Amino acid sequence: MSFARVRALVVVGVLAVAAVVFVVVTLVRDSQRGLSAGGECPAGAPLADIRLPTDPVDVTVKVYNGTTRAGLAEQVTTEFQNRRFTVKNPGKSKTKFDGVAEIRFGPETAGDAQLLRAYFLAQSKMVYNSKREGDVIDIVIGNQFQQLATTTEVNQSLGAMGEPTLPPGSCLKPVEEAPKDSE
């Protein structure tokens with residue numbers, strides 16, 4: 001065996017030993033070992049469902065008119081109904097809203113609220129209430145509202161917003177697995 005070959009084998013051997021030492025040290029000093037996704041959930045924290053709905057019919061909305069324009073809540077309710085959302089009778093807001101829209105939701109509807117936000121091209125104000133129960137999301141239409149987004153605009157807006165995030169002070173609701181079909 002030539003000297004060049006011996007030298008090459010020594011270099012490869014040293015590199016292999018260094019790689020093994022590096023992997024072992026990395027695994028031993030891993031600061032994230034034992035942590036699960038989302039970390040520990042404090043007792044009493046609400047469990048938020050951040051999954052985006054697969055079908056708009058699963059989302060229930062109630063639209064309020066926060067402007068002086070007559071019939072605006074009825075118009076937007078009809079538009080949501082035409083887009084296959086489940087709608088409640090529209091109402092009039094006690095307070096006026098100057099923005100595009102205000103979306104009021106609770107832990108059970110966090111993912112649904114993200115979808116609705118896309119219909120306003122992420123220009124809506126999101127109002128989370130950890131004590132809110134039920135599956136109805138309230139939408140207050142404001143003075144800057146012009147129209148709901150098209151399907152293409154909604155898809156682009158969802159892509160730009162990214163995955164829904166956990167509302168402050170809440171924990172991730174465990175996903176229930178669908179029952180397996182028995183044969």
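**Surface and pockets**

The protein exposes about 12300 Å², and carbon and sulfur atoms supply 55% of that area (Shrake-Rupley method, 1.4 Å probe). This is a predicted model, in which local features need pLDDT of at least 70 and side-chain atom pairs count only at pLDDT 80 or more, while totals for chains, interfaces and linings use all residues. Residues are numbered from 1 along each chain as its sequence is written, and side-chain values use heavy atoms, with hydrogens and water left out.

The largest pocket holds about 240 Å³ of space. A pocket here is an open set of points on a 1 Å grid over the protein atoms alone, where a 1.4 Å probe fits, with protein on both sides within 12 Å along at least five of seven lines; lining residues have an atom within 4 Å of a point. The volume is the space filled by probe spheres set on the points, which are joined across faces, edges and corners. Its lining consists of Asp49, Arg51, Leu52, Pro53, Thr54, Asp58, Glu108, Asp112, Asp135 and Lys173. By class, 7 of these are charged, 2 nonpolar and 1 polar (Asp, Glu, Lys and Arg count as charged; Ala, Val, Leu, Ile, Met, Phe, Trp, Tyr, Cys and Pro as nonpolar; the others, Gly among them, as polar).

The second largest pocket holds about 190 Å³. Of its 13 lining residues, Phe105, Ala110, Gln114, Met126 and Thr165 lie nearest its centre. The lining of this second pocket has 9 nonpolar, 2 polar and 2 charged residues.

As for the fold, 33% of the 183 residues count as buried (under 20% relative accessible area, 1.4 Å probe, protein chains only).

Technical notes: Buried < 20%, exposed > 50% of the residue type's maximum accessible area, 1.4 Å probe, protein only.
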